[in-house]
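Welcome! Please take a moment with the sequence and the 3D structure shown here.

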Amino acid sequence: MFLSVDIGNTQTTLGLFNDEGICLRQWRMATVRTDTSDQLHERLYGYFQMFGLSLSDVTDVAVAGVVPILSQSWQRMLRQVIGSEPLMIDATRDCGIAINLPNPHEVGADRIANALSARTSYGSPVIVVDFGTATNIDVVDASGAFRGGAIMPGLLLSAQALFDRAAKLSSVPLIIPPHALGDSTETAVQSGVVIGAAAQAEGLVRRIQDELAAEGENVPRAIVVGTGGYASTIAQATNLFDIVDPDLTIRGIYQIWQHAVEKHAARKG
């Protein structure tokens, strides 16, 4: 079996795939930057045991991480578990998608995985809105190349900044309020944070759609895909998304690994 590991700033998402490329299980664990390789092994083993799975069945792993020191701990641990080097994804390797940016090596591995996965599943042009610690907008143009996008503070990060700085506001559940016009402090905060995040994404995506359309005649409208931990919540507040795909990033990690395997086989052949 194959294991995808997406190390985010707040959460780490894991996806277990069978030999046919079907995701059998996805789960999330808190990202703890001080975790050692031994602690990660213990936590990973515990998840597999909880679902009646055996860690020894994992033969291949790929990791996309935005926390470098933690990526190193995962690499050491996985090397011991599977007996070989896991694929550590970054923009310096051929990931199966062209990166049309002035400094392509700056692009995070998760954004590359999103772009490849969205293009593979939905064609191009396609726009991904990934609601994580940061909200990333990742754009694949009509030629199938990754073109960049936008990065803004995520929903939870924005809410925490508000609660920390405004003494009279206490933490409230981040759910969709009944109306944009809040009639209490709680619903006003929910409107501003949650519906505000939806409106921010709508505005940015609309501008990006316009810029893509201006690049040439007959450029089709880009499909818009929502993903990330808060995508299903935001989707209740907007009709922006053509589809919400919670497995997009971990599937992209699998596809980058698959591309590397095929490229290696072609060289040997």
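This is a predicted model: local features need pLDDT of at least 70, side-chain atom pairs count only at pLDDT 80 or more; totals for chains, interfaces and linings use all residues.

Residues are numbered from 1 along each chain as its sequence is written, and side-chain values use heavy atoms, with hydrogens and water left out.

- Helices (H or I, at least four residues) and strands (E, at least two) are DSSP runs, numbered from the N terminus.
- Strand 7, residues 134-140, is mostly covered, with six of its seven residues buried (under 20% relative accessible area, where exposed is over 50% and partly exposed in between, using a 1.4 Å probe and protein chains only).
- Strand 6 (residues 126-131) runs antiparallel to strand 7, and six bridges join them; two strands pair if DSSP finds at least two bridges between them.
- Within this pairing, valine 129 stands opposite isoleucine 137 of strand 7, and the two strands form a hairpin with two residues between them.
- Strand 7 also pairs with strand 8 (residues 146-153), in the antiparallel sense and over seven bridges.
- Here valine 139 has glycine 148 in strand 8 as its bridge partner.
- The hairpin of strand 7 and strand 8 has five residues between the strands, and glycine 144 in the turn has a positive phi of about 90 degrees.

**The largest pocket**

- The largest pocket holds about 630 Å³ of space; a pocket is an open set of points on a 1 Å grid over the protein atoms alone, where a 1.4 Å probe fits, with protein on both sides within 12 Å along at least five of seven lines.
- This pocket is lined by 32 residues (those with an atom within 4 Å of a point), and the closest to its centre are Gly8, Asp130, Gly132, Thr133 and Ala134.
- Among the elements that give two or more residues to the lining are strand 6, strand 7 and helix 7 (248-268).

**Helix 7**

- Helix 7 has 21 residues and reaches 30 Å from its first C-alpha to its last, close to the 30 Å expected at 1.5 Å a residue (1.5 Å times one less than the number of residues).
- Its buried residues include Leu248, Ile253 and Trp257.
- Arginine 251 has its place in helix 7, and counts as buried because its relative accessibility is 18%.
- The side chains of arginine 251 and aspartate 245 are joined by a polar contact of 2.5 Å (a pair of N or O atoms within 3.5 Å; within protein, one must be able to donate a hydrogen and the other to accept it, and residues adjacent in sequence count only if both atoms are side-chain atoms).

Definitions and conventions
Grid points are joined across faces, edges and corners, and a volume is the space filled by probe spheres set on the points.
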